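Colleague: I've just opened this one and I'd like to go through it with you. Can you show me, and then let me ask how you know what you say?

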Amino acid sequence: MPDYAARRTMMVDTQVRPSDVTKFPIIDAMLSVPRELYVPHSQREAAYVGENIDLGGGRVMLEPRTLAKILDALDVKSSDVALDLACGLGYSTAILAHLAEFVVAIEDDPARVEEAQSTLSENGVDNAAVIEGPLNEGAAKNGPYDVIVIQGAVEQVPDALIDQLKDGGRIGCIFAEGALGVVRIGYKIDGRLTWRFSFNAGAPVLSGFEKVDAFVL
């Protein structure tokens, strides 16, 4: 039987800590959450590799380093309500649930919604809910949110999502720019969003987050 606990420790020691992620709640969450349960069964042997895991349909589960660094930059607090967009099979939601007060996760694939919610429930994650719906619409009725995380790349962030962010809130995502994406953290202050560079990472662009060219006469 694979020693997944040892692999989790190695993942943290070789991928997370060396990436300057030092916040204890993030380290503790990534040591505690069984990542292998949140990947497709055929991918369990690859659960702890340092690369994105293919979920099919152009979707991936972000590599541990990328997720950890995004969460570190967002500085998620125990009183925060978080929105986890494109949660896949629920790993990022489980990690966020360790950090935040409550997590609303959105997935547009009904099979993933069912599997993610089932795995979260079976593992005692009772402060998160997985909802089916278009990723680019978020979940306005459950907001506004202190933190929004997008688990994939974007070319642009819809205004509908920015409207769901509280004043003083933060949003983190990968912007697809050239061969290598750029992670930026957005800070909403006095109703305006300001983006700051964080680090480089890559992932496929999520459906609904493509850039729409303006029509010019």
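Colleague: What makes Cys87 and Cys173 too far apart for a bond?

Modeller: Bear in mind that this is a predicted model. A disulfide needs two cysteine sulfur atoms within 2.5 Å. The sulfur of Cys87 has its closest cysteine sulfur in Cys173, and that is 16 Å away, so the distance is too far for a bond. A search of the whole structure gives 0 disulfides.

Colleague: And are those two cysteines buried or exposed, and how do you know?

Modeller: Buried means under 20% relative accessible area. Cys87 has 5%, so it counts as buried. Cys173 has 0%, so it counts as buried too.

Colleague: Which residues have the most contacts inside the largest nonpolar core?

Modeller: Met30, Leu71, Val76, Tyr91 and Ile95, in a core of 50 residues. Helix H4, residues 91-99, gives the largest share of this core, with 6 residues. There is also a second, separate core of 20 residues, and Val154, Ile171, Phe175 and Leu206 are among them. In soluble globular proteins, nonpolar side chains tend to be buried together.

Colleague: What does Ile95 touch?

Modeller: Leaving out residues up to four places away in sequence, Ile95 touches Ala29, Met30, Val33, Leu67 and Leu71.

Colleague: Why is helix H3 called largely enclosed?

Modeller: Count its residues: 9 of the 11 in H3, residues 64-74, are buried, so the rest of the structure largely encloses this helix. The buried ones are Pro64, Thr66, Leu67, Ala68, Lys69, Ile70, Leu71, Asp72 and Leu74.

Colleague: Where is Leu206, and what makes it buried?

Modeller: Leu206 lies in the segment after strand S9 (192-200). Its relative accessibility is 2%, against a cut-off of under 20%, so it counts as buried. Its contacts, not counting residues up to four places away in sequence, are Arg59, Ala86, Leu135, Ile150, Gln151, Gly152 and Ala153. Leu206 and Val60 are 146 residues apart in sequence, yet their C-alpha atoms are 9.7 Å apart in space.

Colleague: Why is Val49 called partly exposed?

Modeller: Partly exposed is the range between under 20% for buried and over 50% for exposed. Val49 has a relative accessible area of 31%, so it goes in that middle class. It sits in the loop between helix H2 (24-32) and strand S1 (53-56). Not counting residues up to four places away in sequence, Val49 touches Gln15 and Pro64.

Colleague: What is the phi of Asp20, and of Asp75?

Modeller: Both are positive: about 65 degrees for Asp20, which is not a glycine, and near 50 degrees for Asp75, also a residue other than glycine. Most residues other than glycine have a negative phi, and most peptide bonds are trans. Asp20 is in the loop between helix H1 (4-16) and H2, and at 62% relative accessibility it counts as exposed, since the cut-off is over 50%. Asp75 is in the loop between H3 and S3, and its 32% makes it partly exposed.

Colleague: Where is there a cis peptide bond?

Modeller: Between Gly143 and Pro144, with omega at about 0 degrees. Pro144 is in the loop between strand S5 (128-132) and strand S6 (145-154).

Colleague: One last thing: how do you know whether the radius of gyration agrees with that of a compact globule?

Modeller: With 217 residues, a compact globule would have a radius of gyration near 17 Å, and the protein chain has 16 Å, so the two agree. The chain has 6 helices and 9 strands, and 49% of its residues count as buried.

Notes: Residues numbered from 1 in each chain as written. Predicted model: local features only at pLDDT ≥ 70, side-chain atom pairs only at ≥ 80, totals over all residues. Heavy atoms only, no water. Core = buried A, V, L, I, M, F, W, Y, C linked by side-chain atoms within 4.5 Å. Buried < 20%, exposed > 50% of the residue type's maximum accessible area, 1.4 Å probe, protein only. Helix = DSSP H or I, 4+ residues; strand = E, 2+ residues; numbered from the N terminus. Contact = heavy atoms within 4.5 Å. Rg over C-alpha atoms; globule rule 2.2 N^0.38 Å.
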